[in-house]
Amino acid sequence: RLGKYSTNAYLRLFGTWATACEAAGLTPHSTHEGGYFKKQRIVYVKYSGIKVHFQSLYEARFAKVLDSLGVTWQCHAELPRIEYTQENGKPAFYKPDFYVKKWNIYLDTKGWFSPHDQQKVAAIRASHPTMTLIIVTKPLLELYERSVKQPMLPFQ
């Protein structure tokens, strides 16, 4: 449905997507692509010189965009948890990837915006209707990266 080849072929030959990637000399970059279910730790040095740890390359890439724009930001490790009510009525907690105080917006990077994550974000927005939460998906991240490399002029 989503690709040219069935998943049965690589599962039969390799057992997992991660093993197939390794056999091809590649490393899956997320658990959504069959990577190993352990949290990645990516050390990033903010423009201010502070070291932070990210769980994905998307987070580090987006941090670089914000730094390139001279935007002061905080990441999940520096933020308090936000309580929200799940669809089933139970309380839960959320830590966004980024917060930009100057604009009062929260940003969350998603290489793959799964149906589960979509439901979670909908519940967060329903619990906090005045909160601005932007989901930075892969196409949006790539657009930001291109605009940093070649800034758009006001008349473009």
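Reader: Which residue in the turn of the β4 and β5 hairpin has a positive phi?

Author: Gly89 does, with a phi of about 90°, and the hairpin has five residues between β4 and β5. Strands here are DSSP runs of E, at least two residues, and helices are runs of H or I, at least four, both numbered from the N terminus. This is a predicted model, in which local features need pLDDT of at least 70 and side-chain atom pairs count only at pLDDT 80 or more, while totals for chains, interfaces and linings use all residues. Residues are numbered from 1 along each chain as its sequence is written, and side-chain values use heavy atoms, with hydrogens and water left out.

Reader: How many bridges join β4 to β5?

Author: Two strands pair if DSSP finds at least two bridges between them. Four bridges join β4 to β5, and the two run antiparallel. Thr85 stands opposite Pro91 in β5.

Reader: What is the pairing of β1 and β2?

Author: β1 and β2 pair in the antiparallel sense over four bridges. The bridge partner of Val45 in β2 is Lys51. This hairpin has five residues between the strands, and Gly49 takes a positive phi near 95°.

Reader: Which residues of α4 are buried?

Author: Helix α4 covers residues 115–127, 13 residues in total, and reaches 18 Å from its first C-alpha to its last. That is close to the expected 18 Å, the expected span being 1.5 Å times one less than the number of residues. Its buried residues are Asp117, Val121, Ala123 and Ile124. They lie on the same side of α4 because they cover an arc of only 160° around the axis, an arc taken from the directions from the helix axis to the C-beta atoms. The face of α4 turned away from the buried side carries the exposed residues Pro115 and Ala126. The buried residues of α4 pack against β4, β5, β7 and β8.

Reader: Which residues touch the most other members of the largest nonpolar core?

Author: In soluble globular proteins, nonpolar side chains tend to be buried together. A nonpolar core is a set of buried Ala, Val, Leu, Ile, Met, Phe, Trp, Tyr and Cys residues joined through side-chain atoms within 4.5 Å. The largest one has 19 residues, of which Tyr44, Phe54, Phe62, Trp73, Phe98 and Leu107 touch the most other members. β1, β2, α3, β6 and β7 each give two or more residues to this core. α3 gives the most, with six. Apart from this core lies another, of 13 residues, among them Ile82, Tyr99, Leu133 and Ile135.

Reader: Is Thr109 buried or exposed?

Author: Thr109, in strand β7, is buried, with a relative accessible area of 7%. Contact means heavy atoms within 4.5 Å. Not counting residues up to four places away in sequence, Thr109 touches Ser56, Tyr58, Glu59, Phe62, Asp97, Phe98 and Val136.

Notes
Buried means under 20% relative accessible area, exposed over 50%, partly exposed in between (1.4 Å probe, protein chains only).
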